[in-house]
Amino acid sequence: MNSLVHGFRVMLYALYSLVDKNHDSCVNLNGRKLLYQRKIAEGGFGTVFLVRDLSAPHGAPGNIPLYALKRVQASEVESRHTFESEVKAHGAVTHPHVMRLVASAVIPGASGPQGFLLMPYYSNGNLQDFIDLRTQRHQPLSLDFLLSLFRTMCQGVLAFHLLDPPCVVRDIKPANFLIADHGRGTVLTDLGGVVPAARVVHTRAQADALQDDAAIHVTAAFRPPELFSVPSQCALDTRTDVWSLGACLYFMVFGKMAFDGTESAALAAIDYQGRNDAGTDLIKSMLQIDMRKRPTLPAVLEALAPYQ
Ligand SMILES: Nc1ncnc2c1ncn2[C@@H]1O[C@H](COP(=O)(O)OP(=O)(O)OP(=O)(O)O)[C@@H](O)[C@H]1O
Ligand SMILES: [Mg+2]
């Protein structure tokens, strides 16, 4: 009886996917037969779907494993490069607070090649939605809890800063952290922007190229001042990420964005609403306009050590 119900369910999923004309009902990825269930999100670079792995041994009927499948365009040189960087970044780090890549491939599609990334599915969604919901419901979270969550975010990003050579994540924002460990930790995802951290600029042309690249890969509301206007002579390091993390912590503590995504906002005085505690102290240190005055992530994590 159970297997009948299970078979019926699978058929229903397949029928539903056929009606939804945005994609085929199944995709074959490195020998896995993945059945589309629904769209989870449409991001700037791709679309993320919930899928079931029909080829996985699933024991009891109804236990077909769920995954998240990210689909990105890979038809142009640039989009192909971003996809390949994302796959490479996953491969460079194995860490409990960084998204694990289960499989990846480029598959020909009607509108050209498409890149696919298969990942574990996190059913509790992302940090942006989590904080927004608590804010709407007027259910603020304790500072201790927020700092313990923030600690796991910093640990995930630090895994990239500790690579040889050190890398920066760049696209750091609350929507790129998924809620894990029953709400007690986070997993960093969306790694297409990872690049080596040391970026030395000697000419205006180099500065302009870096600025244009940052405009694509670093979300404006979390972009540090030195990436809005890159000086013709400068040396950037991992502390560009520290600014973005500081802007994330502001959002977590205050339930609203620190910056509106303009350069003038990033340079203006920040409204701390008269608060003065361990959270605002940390945010202030991380949102120093002069990059050289910001702490590195190991120093941030030292301050966060009591919040386990
Ligand atoms: N493994 C996953 N489990 C559950 N939800 C996920 C997973 N991966 C991504 N998502 C959801 O999909 C959203 C978009 O994913 P992702 O950031 O990787 O795509 P993107 O197209 O690069 O997005 P953007 O450019 O807008 O940042 C995430 O914010 C999250 O809500
Ligand atoms: Mg994203």
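Helices (H or I, at least four residues) and strands (E, at least two) are DSSP runs, numbered from the N terminus.

This is a predicted model, in which local features need pLDDT of at least 70 and side-chain atom pairs count only at pLDDT 80 or more, while totals for chains, interfaces and linings use all residues. Residues are numbered from 1 along each chain as its sequence is written, and chains are lettered from A and ligands numbered from 1 in the order in which they are written.

The arc is that of the directions from the helix axis to the C-beta atoms. An α-helix has 3.6 residues a turn, so residues three or four places apart point the same way. Just after the helix, His138 takes a positive phi of about 55°.

Helix 9 comes next. In this helix, residues 278–286, the buried residues are Gly279, Leu282, Ile283 and Met286. They fall within an arc of 100° seen down the axis, so they line one face of helix 9. Their packing partners are helix 4 (143–161), helix 7 and helix 10 (297–304).

Step back to the whole protein. It has ten helices and twelve strands. Of its 308 residues, 38% count as buried. The C-alpha trace spans about 65 × 45 × 30 Å along its principal axes. Contacts are pairs whose C-beta atoms, placed from the backbone, lie within 7 Å. Among contacts between residues at least 6 apart in sequence, 63% join residues at least 24 apart.

How far can the model be trusted? The pLDDT is the predictor's confidence in each residue, from 0 to 100. The protein averages 92, and 91% of the residues score at least 70. Over residues 1–6 the pLDDT is below 50, and this stretch has four contacts beyond near neighbours in sequence. Residues 14–22 also have a pLDDT below 50, with six such contacts in the model. Where pLDDT is low, the predicted coordinates should not be read in detail.

Key
Buried ≥ 20, exposed ≤ 12 C-beta atoms within 10 Å, placed from the backbone. Contact = placed C-beta atoms within 7 Å.
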